[in-house]
Amino acid sequence: MEFSRLVYYSNIFLSSQYPKYKRSIYNKINFNEKLIGLRGAKGIGKTTILHQYLNSLSYSIKEKLYISVDNPILGDKSILDIAEMAYKRGIKVLVFDEIHYQKEFEQQLKTIYDFFDIQVLFSGSSAIALSNSDLSRRAVIYDIPILSFKEYLELKLDVSLKSYSFEDIIFNHENVSFEIISKLKPLKYFDEYLDYGSYPFFKNSNKESYVMKLIEVINKTIESDLLYLFNIDISNIHILKKLLLTLCENPPGSLNLTSLSREIGINVRTLYNYIEALSKGQLIHLLYYNKKGNAIFQKPDKIVLNNPNLFTILCQNQNIGSKRESFFISQLYNHDIKYSKQGDYKIDDKYIFEIGGKNKSKKQIKNLNNSFIVKDDIEMGFENIIPLWLFGFLY
């Protein structure tokens, strides 16, 4: 492999068009750090963030290098080899996209950090885990979420909207709702977001092409990332997909894993491994009443698809309760979310939420402190009743 070929592909990437819209997570990244990692689901916009950063720099094109680690021209060259060559040629910023395709990338990143005066950014599947404690002390990792409802509206309508804190939304929701509603009608766009708005590529897609792209995201996540990272038997790929389909039509928390393992012909231990893989790949959420450390074989109390758009392409008969809960959970990605025996969820070990339609009653949580009803199909709430769409303005 000639270094000039890497530069050639990098220059093509750097000179290509990229979205000018910067997601809220972009402004939370400290780009002064020497080693920065972006972790998230496929199609979520990690490469765009890297592209935007590289093009924001005042360095010449000769001083920055973009490498997609799954590019076959790398051959048997390691990222450490590439970093050494880049450093010798005066590269100041080096980007490794899709780094999970490189074996033992953690040790190599640690070595690059320790021996070369060069800034490194990398992106990888949400399923990667930094098991090397030496690297985790050096790298600053950012988890990239799906598009929020607010970000979807900003992209779709070419407007700038305000984010609100969690406390603002639960304790001051009437004023917050009024402030937003005075600018636009959120319910006009909410159903469309739930079906086709969680991934940035909606902007350049019609509904049919969006569905095709999202199917590709799911297939590549399962058939490439999870197969590679979890050593899953290729003959069992259909089981992972069947698990997703099963979750579509079942109410949250109703899935019997023992019965399911018998139905699809694998043992319960293997089923738990596959569920964990789907969770790491950000295709499902696992909820626990009391999570015991990192125990893989603890039965989840509730399993929900990762985001509402997955229902659109996976489910013939969508369970609306599951879809609402999927939206709610996805928008609170940086909060601690637990299954609750009273209400649906406990957030940050303090607040109880019950999710439902506009006719949802207060019966299940009426005697609980710090409890709230979250209702779909309402524009504004009252007291402890909060509109579901409003949680899409957290980021």
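Me: Which strands does helix α15 lie across?
Reply: This is a predicted model. In it, helix α15, residues 320-331, lies across β8, β9 (345-347), β10 and β11. The helix runs at about 145 degrees to β10.

Me: What is the strand order in the open sheet with mixed pairing?
Reply: The order is β8-β9-β10-β11-β12, an open sheet of 5 strands. The edge strands are β8 (337-339) and β12 (385-387), and each of them pairs on one side only. From one strand to the next, the twist averages 35 degrees.

Me: In which sense do β10 and β11 pair?
Reply: Strand β10 (residues 351-356) and strand β11 (residues 371-375) pair in the parallel sense, over 5 bridges. As an example, I352 has S371 in β11 as its bridge partner.

Me: Where is K375 found?
Reply: K375 is in strand β11.

Me: Why does K375 count as buried?
Reply: Its relative accessibility is 12%, so K375 counts as buried; the cut-off for buried is under 20%.

Me: And what does K375 touch, leaving out residues up to four places away in sequence?
Reply: K375 touches G356, G357, K358 and K360, and also I385, I386, P387 and L388.

Me: Which backbone oxygen lies 3.2 Å from a polar atom of the K375 side chain?
Reply: That is the backbone oxygen of K360. K360 is also one of the residues that K375 touches.

Me: Switching to the other lysine. Which helix holds K46?
Reply: K46 is found in helix α2, which covers residues 46-56.

Me: Is K46 buried or exposed?
Reply: K46 is buried, and it has no salt bridge. The nearest side chain of opposite charge is E98, 5.7 Å away.

Me: What does the K46 side chain reach at 2.9 Å?
Reply: The side chain of K46 reaches the backbone oxygen of A41 at 2.9 Å. A41 is also among the residues that K46 touches, together with L38, R39, G40, S123, G124 and I144, not counting residues up to four places away in sequence.

Me: Now the parallel sheet. What order do its strands take?
Reply: The 5 strands form an open sheet in the order β2-β3-β4-β1-β5, and the pairing is parallel. β2 (64-68) and β5 (140-144) are the edge strands, each pairing on one side only. The twist in this sheet averages 15 degrees from one strand to the next.

Me: How many bridges pair β2 with β3?
Reply: β2 and strand β3 (residues 93-97) pair over 5 bridges, in the parallel sense. S68 stands opposite D97 in β3.

Me: How many residues of β4 are buried?
Reply: 7 of the 7 residues in strand β4 (residues 119-125) are buried.

Note on methods. Residues numbered from 1 in each chain as written. Predicted model: local features only at pLDDT ≥ 70, side-chain atom pairs only at ≥ 80, totals over all residues. Heavy atoms only, no water. Pairing = 2+ DSSP bridges. Helix = DSSP H or I, 4+ residues; strand = E, 2+ residues; numbered from the N terminus. Axes fitted to C-alpha atoms, helices over the stretch in contact; angles between N-to-C directions. Contact = heavy atoms within 4.5 Å. Buried < 20%, exposed > 50% of the residue type's maximum accessible area, 1.4 Å probe, protein only. Lys, Arg positive; Asp, Glu negative; His and termini not counted. Salt bridge = Lys/Arg side-chain N within 4 Å of Asp/Glu carboxyl O. Polar contact = N/O pair within 3.5 Å; in protein donor to acceptor, adjacent residues only side chain to side chain.
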